[in-house]
Amino acid sequence: MRDALKFFGIVWFGLKNNRVIAGFMLLLCGVILPAFSVVFGEANPNSDILGTYGCIAACFGGFFIPITIFSYLYNKQEYDFYSSMPVKKSQYFLGYFISGFLIFLIPASIMFLIHSAMGTYGWNDYFWQSVAAFSVIYCSTVFCTVFSGSRTSTAVSIFLINCLAISLVAFPLMITNVDVNAYIELLFEKISIFTPVTAVMGI
């Protein structure tokens with residue numbers, strides 16, 4: 001019981017310690033995107049705009065939330081402080097990981113509930129699509145963040161993960177003058193599963 005309370009304390013600490021990105025996600029999902037629906041009249045029962053909104057939130061959150069919440073890994077003093085606490089590093093990691101997921105999940109839920117109240121049907125399908133998209137990008141970015149020593153190396157790692165497989169296919173196709181349409185078809189049907197971003201685009 002004590003370990004569970006300690007773990008939830010870490011999750012709560014992760015949320016409080018990252019209020020800026022949490023507040024921005026709330027602003028984006030709870031105010032800005034619903035406001036676009038009202039202003040431009042997109043919140044109607046047959047609208048697919050929620051798919052676009054979910055993609056925007058998932059991509060932004062998936063890339064920036066991990067870099068923000070795990071930024072202590074790049075600060076030696078902050079890292080030493082966490083290491084000196086009577087908590088296992090694995091608990092810190094898992095607690096912060098869940099905090100980052102909640103930073104996306106709560107605002108996204110609010111956004112979809114607002115649109116549901118506005119009369120947009122089928123919002124639950126779009127909701128789960130956005131959660132799946134966020135999960136793919138979030139996990140790949142967490143992987144890059146944890147194993148990189150700086151924000152720059154994290155950005156480079158994310159770029160390589162999402163572009164390396166594409167580049168390996170694109171280069172031989174370019175030098176052999178293969179039809180572009182054939183390349184795009186191959187990209188999305190054959191190798192999209194190997195890169196997080198293109199896998200999300202296929203959801």
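Ala22 is located in helix 2 (residues 19-39), where helices (H or I, at least four residues) are DSSP runs numbered from the N terminus. The model is a predicted one, in which local features need pLDDT of at least 70 and side-chain atom pairs count only at pLDDT 80 or more, while totals for chains, interfaces and linings use all residues. Residue numbers start from 1 along each chain as its sequence is written, and side-chain values use heavy atoms, with hydrogens and water left out.

With a relative accessible area of 17%, Ala22 is buried (under 20%; exposed is over 50% and partly exposed in between, with a 1.4 Å probe and protein chains only). Its C-alpha atom is separated by 8.7 Å from that of Gly100, 78 residues apart along the chain.

Confidence comes next. The protein chain has an average pLDDT of 75, and 68% of the residues score at least 70; pLDDT is the predictor's confidence in each residue, from 0 to 100. Among the elements of the chain, helix 5 has the highest mean pLDDT (87) and helix 9 (residues 196-201) the lowest (55). Where pLDDT is low, the predicted coordinates should not be read in detail.

Across the whole structure, 13 aromatic pairs are found (rings of Phe, Tyr and Trp, the last by its six-membered ring, with centres within 6.5 Å; stacked if the planes are under 30 degrees apart, edge-to-face if over 60, and tilted for the rest). Phe70 and Tyr96 make a tilted pair, because their ring centres lie 6.4 Å apart with the planes at 45°. This pair links distant parts of the chain, 26 residues apart: Phe70 sits in the loop between helix 3 (49-69) and helix 4 (76-84), and Tyr96 in helix 5. Phe70 and Tyr96 are both buried. An edge-to-face pair is formed by Phe112 and Phe127, at 5.5 Å centre to centre and 80° between the planes. Since Phe112 belongs to helix 5 and Phe127 to helix 6, the pair ties together parts 15 residues apart in sequence. Ring pairs also link a cluster whose members include Phe70, Tyr96, Phe104 and Tyr138.

Helix 6 also holds Thr145, which counts as buried at 0% relative accessibility. Leaving aside neighbours within four places in sequence, Thr145 is in contact (heavy atoms within 4.5 Å) with residues including Pro66, Phe70 and Thr154. Phe143, likewise found in helix 6, counts as partly exposed at 49% relative accessibility.

Notes. Helix = DSSP H or I, 4+ residues; strand = E, 2+ residues; numbered from the N terminus.
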